[in-house]
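Please keep the structure open while you read.

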Amino acid sequence: MNRCTFNNDLFANFAPDRHQMQKPTTIAVILLLFAAAGLPGLNAQISHGGAPLMNEADFTAAKVMYLLPPEDPLIIQGIKAARFNNNAKALQYATERVVDLSPEQNGEWVRRDGMHIWRVHLISPEAYSLGVQFSQFALEKGARVFIYDPPGKHLKGAFNHQNNKEYGTFYVGHIPGEEMIIELQVDDPGRNYGVLRVGLLSHAFLPVYAEKGTGNTGLGTSQECEIDVNCSEGEEWQTI
């Protein structure tokens, strides 16, 4: 696949934001206890099985691939420098890159195995890992979303109508690397999937979610179930 094949006017959809995400003390034990109790509030990241198509040959690279411009190094340097100039305990590890993508306006649809399948392939250069926030997420039954890297080594999903929230947004935590594929599968013959819009791409400039070897400890060695309360996945657990 030729990563240089893209339309320059697509860059109008992408602009670096000045906001940063924060990552303080881990609350893994609390979240694990709630998971064991089966409390419904944890369904923000609960997946529901299935598998993505993962076939690059079915899609046109120029239609599905969106290469963001490199993140401004001055922004990253400023965030890193600020950590040493205050007593805040929170670790700022990512920038939020504003995007605006929807199945009706971007990417490509194909018809395979009796399903309508839509895909976009996002690349944020030099990111240690990527997360994504859907600014609109209200899926119909029979529609499901997968998030994964191009080799298919890291996969999240499927997310479906059971992940819909009253406030209409949905965040999927980081996967290692600078590339992310978002795939929507729709069983409905009329391609009725509900509402889906990609609003933010979280670009990690520190290896918090990067791949790690066995036996490592310290920053970046937590597992997916060990979610920090100030990450987007923890927004429902602020009081707790």
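Predicted model: local features only at pLDDT ≥ 70, side-chain atom pairs only at ≥ 80, totals over all residues.

Residues are numbered from 1 along each chain as its sequence is written, and side-chain values use heavy atoms, with hydrogens and water left out.

**The chain as a whole**

- The chain has three helices and eleven strands; these are DSSP runs numbered from the N terminus, helices being H or I with at least four residues and strands E with at least two.
- Reading from the N terminus, the order is β-α-α-β-α-β-β-β-β-β-β-β-β-β.
- Of the 240 residues, 46% count as buried, meaning under 20% relative accessible area with a 1.4 Å probe, protein chains only.
- Contacts (heavy atoms within 4.5 Å) between residues at least 6 apart in sequence join residues at least 24 apart in 82% of cases.

**Ser129**

- Ser129 lies in strand β6, residues 129–139, and is buried, with a relative accessible area of 0%.
- Beyond its neighbours within four places in sequence, Ser129 is in contact with residues including His174, Gly177, His203 and Tyr209.
- The Ser129 side chain makes a polar contact with the side chain of His174 at 2.8 Å; such a contact is a pair of N or O atoms within 3.5 Å, where within protein one must be able to donate a hydrogen and the other to accept it, and residues adjacent in sequence count only if both atoms are side-chain atoms.

**Strands β6 and β9**

- Five bridges join β6 to β9, and the two run antiparallel; strands pair if DSSP finds at least two bridges between them.
- Val132 stands opposite Val172 in β9.
- Seven of the seven residues of β9 (170–176) are buried, so this strand is largely enclosed by the rest of the structure.

**Asp149**

- Asp149 sits in the loop between β7 (143–148) and β8 (155–159).
- Setting aside neighbours within four places in sequence, Asp149 is in contact with His154, Ile175 and Glu179.
- A polar atom of the Asp149 side chain lies 2.9 Å from the backbone nitrogen of Lys153.

How values were computed
Buried < 20%, exposed > 50% of the residue type's maximum accessible area, 1.4 Å probe, protein only.
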